[in-house]
Protein chains: 2
Amino acid sequence: MPENTTYQTSTQIQLSSRPTGWPTPENFRTVTVQLDDLGENQVRVANEFISVDPYMRGRMSSAKSYVPPFELGETMDGSAIGRIVASRAESLPVGTLVLHQLGWRDVSQGDAGAFSAVPELPGDSPSLYLGILGMTGLTAYVGLTEIGPVTEGDTVFISGAAGAVGTAAGQIAKLLGASRVIGSAGSDEKVALLKEKYGFDAALNYKTAPLREQLPDLAPDGVDVFFDNVGGDHLEAALDVMNTHGRLAICGAISQYNATEPTKGPDNMANFITRSLSMRGFTLNHHLDKASEFNEKMTQWFGAGKVVYDETVVNGIGNAVDAFLNMMRGANTGKMVVRTGTPDND
Amino acid sequence: MPENTTYQTSTQIQLSSRPTGWPTPENFRTVTVQLDDLGENQVRVANEFISVDPYMRGRMSSAKSYVPPFELGETMDGSAIGRIVASRAESLPVGTLVLHQLGWRDVSQGDAGAFSAVPELPGDSPSLYLGILGMTGLTAYVGLTEIGPVTEGDTVFISGAAGAVGTAAGQIAKLLGASRVIGSAGSDEKVALLKEKYGFDAALNYKTAPLREQLPDLAPDGVDVFFDNVGGDHLEAALDVMNTHGRLAICGAISQYNATEPTKGPDNMANFITRSLSMRGFTLNHHLDKASEFNEKMTQWFGAGKVVYDETVVNGIGNAVDAFLNMMRGANTGKMVVRTGTPDND
């Protein structure tokens, strides 16, 4: 593929068929389209990074959900960060760094209103706007403030803790006053990272023994807040150890996204009554009003060096599907992003 | 047994062994004990009615819960309403009607602080203090105001709707502004009663076809608030039809109280995320601060004839165990109470 330095074309990933169970590369196709001339008030953006996120799996199915499904034969979308390379909008001159939702492609184009200018990050990668400084961080923040509010001295358990949202959640829980933060992850390396880099007080590898056996030892005083990215056995094990008035913030259920049969829920639902538990599922679209509060706090925490992060960076729009599939399998630590920009668009 | 008109003895029900699965009469024994002379500030109460409630099944097991288990070989306790027949407490003269927790016996005795004077109910049975005017009504009220708050225009689904809490909940939901109230019950007679007497807009007999098949037709616009007394298939069916931001108030899980194996939870837990659902289990002990607000409102509703009720009355302390077992099997409509008072204590 020729280098895309004149930005006349856009290489895009489309959904060609709906996956049953685990998606495969055959469910996707890559197309390169010639871009139309810019209309009035439109801009063209050379993306630097695009985001691949677990929730996108839901959009690959046809089921009605909180975001509409991806259309078959159409280019998918999602978060991306890039720079204006052509503009017919005064508000967004060439060179402006913009965050937007027309991802899964190397060059995006549309009405200026669909692109938000964001401050440059001297010394840091703009990909952080897809992670800790963006939706990922906001998701963790909303879950721990609005949904399963953490209060001073709480014990917090985070499932899938080495992922993008999990690593953010662990640190935010501590900053909000949690006295003990416990995480689950799928390898011993991730477990070590959680404890050594991210400040988790305890962590377990859920692949080495049933979670229900491991978790009680790590939570001798029970759990007050459970932040769930995984569902299934994680939710069931958490319900075993929740304290009275415990809160469960259900952010994701990655263990079930590729299930082909309905999976039975926890066998200990009666604990909701005997322990006065509350559980809330949430998606960020209902909580965007928390963004400015989050931006203020996270800017402060980040500037003070109180928040660290990892990124798993895959190069080339042509590898975006692999990046997504590997992320679903847990190959990433921290945020998985695809670098679509220089030095090479493929 | 001789008539107990001098109140020198008390006939009491004790737990003699812990049930596995469904309780049987053999798990209980009836004893008649000679009462001690009253100590200073003590009172003796001839009970008129004692309460049998689903939550008592939990206390028959040894598992730690929000109320301590009944002790083996000791007299059980629970709500009761009676009249002071001997008093060494100025605050509670002979003849006072009192509500208290020393039930499962025909005559109760103890410190005055354990007994609360309540107003006489001219023309109504004092047993209402065990039902619609008491903990039963308060449970329904708390569930629909604090836990799964009902707002104007909501559709509310109530499981086990012909029981004591269910019949109260259906009416309170309407009084709080629900536009459509749906109930489930275990017989066609109960279904008819819900619609004809209790003002339910729709009701179903869960024994005639799977709930998951029946409920969607009765809830064409979905369900905003689910008040659950049953658990199991009722919770699963409700999760299928909950609207975005729906609230689930989990009051009971009578379908599981006698299970001998853990029962798998709903297979549609992912709906919590995609529909932003919230679920809270509750027990009344954490919400007694709502009692005065409830008393005020319910007195007004009741006085204005806006609330109706049923009672299933069983006569004689000797039949209390049967009353409890029949209530667990759903033989009652409305509140199940045992009349322990005149004309005959057995």
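**Where the domains meet**

Modeller: Between domain 1 of chain A and domain 2 of chain A, 7 residue pairs are in polar contact (both at pLDDT 80 or more). A polar contact is a pair of N or O atoms within 3.5 Å; within protein, one must be able to donate a hydrogen and the other to accept it, and residues adjacent in sequence count only if both atoms are side-chain atoms. This is a predicted model: local features need pLDDT of at least 70, side-chain atom pairs count only at pLDDT 80 or more, and totals for chains, interfaces and linings use all residues. Residues are numbered from 1 along each chain as its sequence is written, chains are lettered from A and ligands numbered from 1 in the order in which they are written, and side-chain values use heavy atoms, leaving out hydrogens and water.

Colleague: How many salt bridges are there between domain 1 of chain A and domain 2 of chain A?

Modeller: A salt bridge is a side-chain nitrogen of Lys or Arg within 4 Å of a carboxyl oxygen of Asp or Glu. The count here is 1. A:K197 forms a salt bridge with A:D310, with 3.0 Å between the closest N and O atoms.

Colleague: Which stretches make up the domains of chain A?

Modeller: Bounds come from an automatic or database domain assignment. Domain 1 of chain A is 9-130 + 310-339, and domain 2 is 135-286. Their centres, taken over C-alpha atoms, are 28 Å apart.

Colleague: What area is buried between them?

Modeller: Buried area is the accessible area (1.4 Å probe) that two parts lose on being put together, summed over both. Here that's about 1,400 Å², with 54% from carbon and sulfur atoms.
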